[in-house]
Amino acid sequence: MAMMAYDETSAEAFAATRHVPACGLASWRAAVARHLPVGPGDRVLDVGAGTGAWAAAFRAWYGVGVLAIEPAAAMRARSAYPGMVAGRAEALPLAAAGLDGAWLSTVVHHLSDLPAVAAELRRVLRPGAPVLIRSVFAGRGGGVTLFRWFPEALRVLEAYPSVAEVCAAFEPAGFAPVALEPVPQVTAPSLAAAADGLRRAAHTPLALLDDADYDRGMRRLRAAARRTPDAPVVDALDLLVLR
């Protein structure tokens, strides 16, 4: 699928705007802990780690070692996590059966060969270790407020893999779904802050819109921000767990 590649422009926009505020992460910390019972001495893989925010959070939350893999040099150059490794999910530069879990955050739609990714994860994970996928899946964009103001972007979302497609791709490698839950997060303190901080290049569905649709969405978003300037922006992304 590989919907976009992160160059200097998109990586800079991602680093500037795509990190969930610390106050919005409590629900994710609890959700991950329910499905990934790890602690000091364990090792977790962060696939498509971006600028390293999740790797840093996992290390701080659980005291685990995190191996962060990211193919885009522009993202690695902006990493908040030391020791990030260049690599692709389809050919992980790791030894077999040495990891206690894997985390993939908003990356599954960029992976061009999901069965190959699943086979690689099976190879590097210990038996029974889970794969946690944080994503917006095709047909499940209703919890993301951005699509209220940019409904045209739902067309892009339909090109993302669905939950069923991901499960089917992972099944030959021996993975089965064990949980699917929407996890709420406070994405921004207000719609006004969301509008002021929005960077088109940081969001795949917006980057792939034409200019007219994007401009219409920005007008809708700014109008909504004027009506409700102080309401926090709460989004819900899915957490799919396979084991």
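Modeller: Strands here are DSSP runs of E, at least two residues long, numbered from the N terminus. In this predicted model, Leu-240 sits in one such run, strand β6, which covers residues 233-242.

Biologist: Why is Leu-240 called buried?

Modeller: Buried means under 20% relative accessible area. Leu-240 has 1% relative accessibility, so Leu-240 counts as buried.

Biologist: Which residues is Leu-240 in contact with, leaving aside neighbours within four places in sequence?

Modeller: Contacts of Leu-240 include Val-131, Leu-132, Ile-133, Phe-137, Val-163 and Val-166. Cys-167, Pro-177, Ala-179 and Leu-180 are also in contact with Leu-240. Phe-137 is 103 residues from Leu-240 in sequence, with 9.8 Å between the C-alpha atoms.

Biologist: What does Leu-239 touch?

Modeller: Beyond four places in sequence, the residues touched by Leu-239 include Trp-28, Ala-31, His-35, Trp-103 and Glu-181. Leu-239 belongs to the largest nonpolar core, of 49 residues. Leu-239 is among the members that touch the most others, along with Phe-58, Trp-103, Phe-150, Leu-198, Leu-206 and Leu-221. Helix α3 gives the most to this core, six residues. Another core lies apart from it, with 31 residues, including Leu-45 and Leu-242.

Biologist: Why are α2 and α3 called roughly perpendicular?

Modeller: Helix α2 (residues 26-35) and helix α3 (residues 53-62) pack at an angle of about 70 degrees. Angles of 65 to 115 degrees count as roughly perpendicular, and α2 and α3 are therefore roughly perpendicular to each other. Their axes are 12 Å apart. The contact involves Trp-28, Arg-29, Val-32 and Ala-33 of α2, and Trp-54, Phe-58, Trp-61 and Tyr-62 of α3.

Biologist: How many residues of each class are in the contact of α2 with α3?

Modeller: Seven are nonpolar, one is charged and none is polar.

Biologist: Leu-209 is in the loop between α10 (204-207) and α11 (211-227). What makes Leu-209 buried?

Modeller: The cut-off is under 20% relative accessible area. Leu-209 has 7%, so Leu-209 is buried. Apart from residues up to four places away in sequence, Leu-209 touches Phe-150, Glu-152, Ala-153, Arg-200 and Tyr-214. Glu-152 is 57 residues from Leu-209 along the chain, and their C-alpha atoms are separated by 7.5 Å.

Biologist: Which residues does UniProt list for "domain: Methyltransferase type"?

Modeller: The unreviewed UniProt entry lists residues 45-131. In the model, the end C-alpha atoms of residues 45-131 lie 9 Å apart. The span is 29% helix and 15% strand.

Definitions and conventions: Residues numbered from 1 in each chain as written. Predicted model: local features only at pLDDT ≥ 70, side-chain atom pairs only at ≥ 80, totals over all residues. Heavy atoms only, no water. Axes fitted to C-alpha atoms, helices over the stretch in contact; angles between N-to-C directions. Helix = DSSP H or I, 4+ residues; strand = E, 2+ residues; numbered from the N terminus. Parallel < 35°, antiparallel > 145°, perpendicular 65-115°, else oblique. Contact = heavy atoms within 4.5 Å. Nonpolar A, V, L, I, M, F, W, Y, C, P; charged D, E, K, R; others polar. Core = buried A, V, L, I, M, F, W, Y, C linked by side-chain atoms within 4.5 Å. Buried < 20%, exposed > 50% of the residue type's maximum accessible area, 1.4 Å probe, protein only. UniProt positions renumbered as here; feature names shortened; annotations may be inferred.
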